[in-house]
Amino acid sequence: MTHTLARRSALTLFGALAFAPAAARAATGKGGAMPPVTIYHLEGRRSERIVWLMEELGLPYRLEFKRGDLGASMAAIRAINPIVPMAPTVQYGDQVLVESGAIIELILERHGGGRLQPAKDSADYPHHLMWMHYAEGSLAPRIFSDYRAWMAAPPTRRSPLVDSEASVQFAEEFLGKHPWFGGAEFSGADIMMLFPLNVGGVLNIFDTAQFPKVAAWKAKVEARPAYQRMVAKARPGVIPGNLPVLPKAPSWGPRK
Ligand SMILES: N[C@@H](CCC(=O)N[C@@H](CS)C(=O)NCC(=O)O)C(=O)O
């Protein structure tokens, strides 16, 4: 009890609390009433995924961050998640959760009412599930490890291992055959895939000009009203603490 009160008063120190318009409504889904959800957020980071998801579903949430101040936003995360203070950290009822993919799956399974994921027995479901996991399991780690390698010393030949460029090429080829990472319909997989594809392009870890289908898909998802609402609430100004951009996007050409 004391702990809860202390936490609550600490949170009131943070200026940028935002509430979804639907917050007053009871949240129900397949799994019944949703417990209170607080999204601990860093602007421009992966926590945007959860805000976007909740906006797509019209579910209530409390958004916790200090505008333009990564240190203060991080302090709020650390207060409830001191060992792995990561964004997103989500308070779901009395549980503290990390891993954006798992949080998205949880919300969809329990409160999505069948929205934003293909039917389990459909041909699209395996694709949806693969991209849900590919985003953080394969793509993001390669983007960030290649970024670190190129910042330290640009390699002179292509690694025989699967690199960022090949990881994006795989996505490009899928989008040549399907409109969304969820298959025929927009799904949670599209929400998962945007962050690494955005970061990789912005930081010049791959050359966006080589991937026109990814570029067209990105324009389509960013035009969604729920995405725009997320931007207005969760990224209201300049993104603080951006990493330095690589001078030139490495390009080895398509992996055969
Ligand atoms: N796989 C995790 C990654 C979370 C993560 O690393 N988030 C970054 C922000 S985009 C973070 O909190 N970095 C702070 C740090 O690693 O200290 C997820 O998808 O939620």
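**Ligand shell and cavity**

Let's start at the ligand: one of its oxygen atoms sits 2.7 Å from an N or O atom in the side chain of S100. Keep in mind that this is a predicted model.

Two further contacts. E99 brings an N or O atom of its side chain to 2.8 Å from a nitrogen atom of the ligand. A87 uses its backbone instead: an N or O atom there lies 2.8 Å from a ligand oxygen. How much of the ligand does the protein bury? On its own, the ligand exposes 510 Å², and 71% of that is buried by the protein.

Now the whole shell. Around the ligand we have R45, R46, R49, M74, M86, A87, P88, E99, S100, E136 and F195. By class, that shell splits into five nonpolar residues, five charged and one polar.

The largest cavity holds about 40 Å³.

Which residues line the largest cavity? They are E105, L108, E109, Q117, Y125, H128, L129 and M132. Two elements, α4 (100-111) and α5 (124-152), each give two or more residues to that lining. The most come from α5, with four.

Last, the domains. Domain 1 (2-111) and domain 2 (124-223) each supply at least three residues to the lining of the largest cavity.

How values were computed:
Residues are numbered from 1 along each chain as its sequence is written. This is a predicted model: local features need pLDDT of at least 70, side-chain atom pairs count only at pLDDT 80 or more; totals for chains, interfaces and linings use all residues. Side-chain values use heavy atoms; hydrogens and water are left out. A residue is near a molecule or strand if one of its heavy atoms lies within 4 Å of it. A polar contact is a pair of N or O atoms within 3.5 Å; within protein, one must be able to donate a hydrogen and the other to accept it, and residues adjacent in sequence count only if both atoms are side-chain atoms. Accessible areas come from the Shrake-Rupley method with a 1.4 Å probe; for residues, only the protein chains shown count as cover. Ala, Val, Leu, Ile, Met, Phe, Trp, Tyr, Cys and Pro count as nonpolar, Asp, Glu, Lys and Arg as charged, and the others, Gly among them, as polar. On a 1 Å grid over the protein atoms alone, a cavity is a set of points where a 1.4 Å probe fits but cannot get out, and a pocket is an open set with protein on both sides within 12 Å along at least five of seven lines; lining residues have an atom within 4 Å of a point. Grid points are joined across faces, edges and corners, and a volume is the space filled by probe spheres set on the points. Domain bounds come from an automatic or database domain assignment.
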